Structure formats: C-alpha cells, structure tokens
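This is a short report for a reader new to this structure. Please look at the sequence and the model before reading on.

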Amino acid sequence: MRITLRVIGIGPGGPRQITLEAIDAMADVDAFLVLGKGTAKSGLLDTRRALLDNHARQGYSLVEIPDPPRDRSPADYDTEVRRWHSARAELIAAALRDEVGDGGVAAFLVWGDPALYDSTLRIVDDLAARDDLDLDVEVIAGVTSASALTAAHGIVANRVGEPIHITTGRRLAETPAGADTNQIVMLDADLAFRHTADPDDHIWWGAYVGTDDEILISGRVGEVTDRIVEARARARERIGWIMDIYLLRKTG
C-alpha cells in the first residue's frame, strides 16, 4: 500500500504563523490525522480545524485517533516513551490503511516545527519500516515556538558570539557549565528554573505565543518568578492546557 504522508509544521498556534509552503501542502490532502488529547485540550483540535477550514480543500477529512495512555512519572522515562510511541504507531498504521488507502495522501499538522521536541517523525520512521506500508514522507518546516518567543519579546536569543542551548525542563539541571549562558527551555511543566537559576539571571517567558491568549513576562528571575507561576496557573485553569516556553540567560 503506497501512501504519501506529510508532516506539516504549523507554528506555535497563531493563525498567521503558518507558512505559504504549509498552506500549499494542505491543498491536496485526503485525510488529516490527529491524536486526540481529551476534552481538556479540545482547544488544540479547534485551532487545527480553523486552519484547515481556511486552507484545506473543501470537504477535507479529519481522522481523530485516540492517544494511548502514558505514564507521566515512569521509573524509566526513555523506555516508557518508546513504548508510547510504538502504541501510537500501531493506531496510526491502522488509520492509514482504513481511512486513506493505496495512492492516498495523509498529513499530520505538527505544532511548531516537526524537528524540535516533537515525536511525529520518530513515529513516522516506525511506520516506514512496516512491510505493509510504502510511505513517501514529506516534511514541511514550521515557525518554532523559540523563534516566536524571541520575536514576541523583541530580543536576540544570544549576546554577541554566545552559544544557545535548547533543552527541556526535565534536563535543565543537567546543562553543563559553559552551555548554560543562553538556554531556551521547552516542555517544562514544573518551571524548573526556580530550582536552577540564580535570582539575578534574566528570563523571558511566554505562553500561547502568537495567539489571542498570549502572555509575556520578563525580568530578573528573583523578581518575576512569582508572577510567572501565578499567570501560568490562572491561564491553565481558564483554558484547560498550557503551552509555554522561556529563554534563561546568565548575568554578565
């Protein structure tokens, strides 16, 4: 069964952050696949629907696949993530066979850019290795949440000649000395900078960057941490989910 599968970066959520290349890639898709995140995150699906209503062909098909359960606090994080990805791949393979079929075109709409802290391409590798699927994979880059953050704050991500380290909240404490001058931190449910940063370090934080719900806070860590914690909690309660990112910079 031969299928074209497109992985389309759609930016961090703002409807005007989608690229012309992504719009072109949506034009002849037979079925758009989405992994369901439950009612608490229904707004994520609504945003995708709005993009498709504006840019996909009339009468497009949207196939929602239930996301398999995942242990959020596993003893072995890497093993659990691999198990979760494999379970996702099984369900996606079934959807490709049943909902798209031979000669069809399917697509995933990926938040931000598919190459930056997103699992879709790893799952696609699993799918491409299956004997019953012959996939032509196309990847369309998207605006990253990192670039949207720095643009929203009107800043450069590094001072002259300095490196930039991109990491997750889970790994923030492991950043080696010398790589921690400018850190862009993603997927940080616990705001790990509270335990790792010096109070004089500077932070530029943003949630729902580029959308109507955008929240931006910046300043010295010691002065703005409480504001970030409170703003994040209020936004999560009001909207039901949170997408945030921050740049952490050492003083001096």
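The model is a predicted one.

Across the interface, 13 residues of domain 1 are in contact with 15 residues of domain 2. Together the two domains bury about 1,200 Å² between them, and carbon and sulfur atoms account for 70% of that area. On the side of domain 1, P12, L116 and Y117 supply 46% of the area buried against domain 2, more than any other three residues.

The helix pair consists of α3, residues 77–100, and α4, residues 120–128. Their axes are 9 Å apart and the helices pack at an angle of about 60 degrees, which makes α3 oblique to α4. The crossing of α3 and α4 is right-handed. From α3, the residues H85, S86, R88, A89, I92, A93 and L96 take part in the contact; R122, I123, D126 and L127 meet them from α4. By class, this contact of α3 with α4 has six nonpolar, two polar and three charged residues.

Notes. Residues numbered from 1 in each chain as written. Predicted model: local features only at pLDDT ≥ 70, side-chain atom pairs only at ≥ 80, totals over all residues. Heavy atoms only, no water. Axes fitted to C-alpha atoms, helices over the stretch in contact; angles between N-to-C directions. Helix = DSSP H or I, 4+ residues; strand = E, 2+ residues; numbered from the N terminus. Parallel < 35°, antiparallel > 145°, perpendicular 65-115°, else oblique. Left-handed = near helix turned anticlockwise from the far one by under 90°. Contact = heavy atoms within 4.5 Å. Nonpolar A, V, L, I, M, F, W, Y, C, P; charged D, E, K, R; others polar. Buried area = accessible area lost by both parts, 1.4 Å probe.
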